[in-house]
Amino acid sequence: MENASLPKRWLALAVCAFCCWAMMFVVLPAVNRAFPEMGKLGKLVEEENIRTGMFFYTDVEQAGVADWNIENTIRFMPRGGPESAQ
Amino acid sequence: MAEDQIKSDVVIDRGQSSISDLWKKEDYWAIWLGFAILIVGAFIFLPAKLDGMEETFAKSNAIMAAEAERAPFKTVAWYKAQDAKAHFKGSSLPIAKDIKAFLAHPGGWSTNPLDSLVLTKEQAEAKSEKGKPGFEKAKAAEAEALAAALEAEKAAEAASFGDAALNEAAKGKIGDWRKAKSATSKAKGKANVKPYNVIPSLIGLMVAMGVFFAIGIAAMGKDVKGFLIGFGPVFLLSAFAYFMSGQATMKHYGVGYAIWGVIGGMVIANTVGTPKWVKPALEVEFYIKTGLVLLGAEVLFNKVVAIGIPGIFVAWVVTPIVLICTFIFGQKVLKIPSKTLNIVISADMSVCGTSAAIATAAACRAKKEELTLSIGLSLVFTSIMMIVMPAFIKAVGMPYILGGAWMGGTIDATGAVAAAGAFLSEQALYVAATIKMIQNVLIGVTAFCVAVYWCAKVDCVEGQKVSWMEIWHRFPKFVLGFLAASVIFSFISQSLGPDAGYTLVDHGVLRGFSRLCRGWFFCLSFAAIGLATNFRELAHYFKGGKPVILYICGQTFNLCLTLGMAYVMFYWVFPDITAKI
């Protein structure tokens, strides 16, 4: 692209922007509609507000909740009832 | 000139040790700047006094211990005590809210891009009004579910918890109440929408971050004026990356800011071209290393035991085996010419995706195109696995906890793991996210081992014996900052105890401050990588499709080994833990 004229380079930028737009608003939503499981997952992501693109555990609120629940379960593991009395 | 070109291509440059390195070298400046943020965070959050925190912790822990002895399942009182403790978070301090507002990035949106930046008072009120009926309904449903849970628990208690059917019924009703409680919490958020405008804070943040990095740039003797002029567009591209990743469909597919930063930058660089005046601000390594020092603080070693021995086996035994085997496979079978590309893809695929790729790339001086390629591969396979794995688990009737452990150990990004886990069940989400968190902690060990191996074995002539001093000269020093931050914050968190550590470190210094800065630093680095990457150079690394073959073969091995280990640990060796989650 370095040797192309300026209008051609701007046109290429516009084409790339259009492709992103089409992917975002046409292609992927169509995939969601075509595959019901995908649509369900998308709905869940919206409802739970899961930031799926985040890569580290501190970036994801649900990971904090999971850690808290699991850690407390391990610390205060239920062991009551008649079996433990025996 | 050619040497300068090679230096600008690698994620990290070669260090030469002298005392002046402390104020002249990028690695050390990354440590100083990273620690400056961590120290400020520690001063803000660690001395904070939250009213009644200690008393509530003591009282709640006593209740939970007593309930654990009384019943064979988690009772209503057990959960209420846990909720009382969770109420205390460093991030709920007034100053933490101000910090969060200042460091905020563009938020979520669906069809109207403005929703990402501005929400007026009138719009917020209208949204709140719309959400109020739902909140009232959810509250009523929660009260009803709680009454049913208490009744079922009472029935189980009347049989001295000796009737398995009554115990299971009580567990089920308590589970329903937890779901109803979670729904109420979400409905409350929809009924209390607050107005926002992130544009002024973005402008302020751009200036603050520009000045922050300019301190290091000035000390290293680089062009400060050029850096400050070029920083604006790099920051704007980073904000754009966050903006794009917040779009609803992008969230469905797990397309995060990292990939948008690279794509956005590459599109500009390869069409209209990156303006020359922006180039002094393309300090990829400086942003990455500073971000990695902050990431080090989030690598808390006490998290390794979060789910007991099963978690350690699934995350800390399988992962290194897969990492090493994939690397050897890439070298011996696929004969990938670049060892750095091989190890970055292996770490990306086996450890935890983008974060591991960044840390490994910096530790072994990988080229920025190699990092870009690894992250791209990770994105594609994460999106596929996030959708396919829960569907497969449901289709074959695999137990959800096993499925959660499997996904936690194999899907790259934590966000995608959480979504896939939540798609199965709450328990699957807890197991999946916790396994992933334990795997995240492995980043520190991976980066350190890769850095040492590269200094001692890869970056030397065959047969040459490298002295310890030589290893020290070559060692990427920022890794020491990364490890120091990890050790210091692990120690602080451990010494505060699990509850105060969670409140003041995990949900204070880290989630309330340092990770917000770290997110921006990584985003800046990805935008800078994109702006400096040529499509043709990237295609060269993709030759023969070997990176894809490596990823597929490694991931297949990872899937088999993780599933086997998860089954053995969660269903053969420690079924008790599985039953109580």
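Colleague: Buried or exposed: which label does B:Glu283 get?
Modeller: The cut-offs go like this: a residue is buried with 20 or more other C-beta atoms within 10 Å of its own, exposed with 12 or fewer, and partly exposed in between, C-beta atoms being placed from the backbone. B:Glu283 has 23 C-beta neighbours inside 10 Å, so it counts as buried.

Colleague: Quick housekeeping: what kind of model is this?
Modeller: Residues are numbered from 1 along each chain as its sequence is written, while chains are lettered from A and ligands numbered from 1 in the order in which they are written. Local features need pLDDT of at least 70, side-chain atom pairs count only at pLDDT 80 or more, totals for chains, interfaces and linings use all residues, and the model itself is predicted.

Colleague: Back to that glutamate: which residues is B:Glu283 in contact with, beyond its neighbours within four places in sequence?
Modeller: Contact here is C-beta atoms, placed from the backbone, within 7 Å. Setting aside neighbours within four places, its partners are B:Phe213 and B:Ala528.

Colleague: Where is the kink in α17(B) centred?
Modeller: End to end, the helix agrees with expectation: 29 residues (368–396) at 1.5 Å a residue should span 42 Å, and its end C-alpha atoms are 41 Å apart; the expected span is 1.5 Å times one less than the number of residues. The bend at a residue is the angle between axes fitted to the seven residues ending there and the seven starting there. In α17(B) the kink is about 30°, centred on B:Met385.

Colleague: What about B:Val396, buried or exposed?
Modeller: B:Val396 belongs to helix α17 of chain B, and the helix is followed by B:Gly397, with a positive phi near 70°. B:Val396 has 8 other C-beta atoms within 10 Å, so it is exposed.

Colleague: Over to chain A: what is its radius of gyration?
Modeller: Chain A has 4 helices and 0 strands, and its C-alpha atoms fill a box of roughly 85 × 30 × 15 Å along the principal axes. The radius of gyration is taken over C-alpha atoms, and the globule rule is 2.2 Å times the number of residues to the power 0.38. For 86 residues the rule gives 12 Å, so chain A is more spread out than a compact globule, with a radius of gyration of 24 Å.

Colleague: And what does chain B come out at?
Modeller: Chain B has 26 helices and 2 strands, and 52% of its 581 residues are buried. The globule rule gives 25 Å for that length, so chain B is as compact as a globular protein of that length, its radius of gyration being 25 Å.

Colleague: Which helix supplies the largest share of the side of chain A that touches chain B?
Modeller: 52 residues of chain A are in contact with 70 of chain B. Chain A's side divides into 27 nonpolar, 12 polar and 13 charged residues, where Ala, Val, Leu, Ile, Met, Phe, Trp, Tyr, Cys and Pro are nonpolar, Asp, Glu, Lys and Arg charged, and the others, Gly among them, polar. The largest share, 13 residues, comes from α3(A).

Definitions and conventions:
Two residues are in contact if their C-beta atoms, placed from the backbone, lie within 7 Å.
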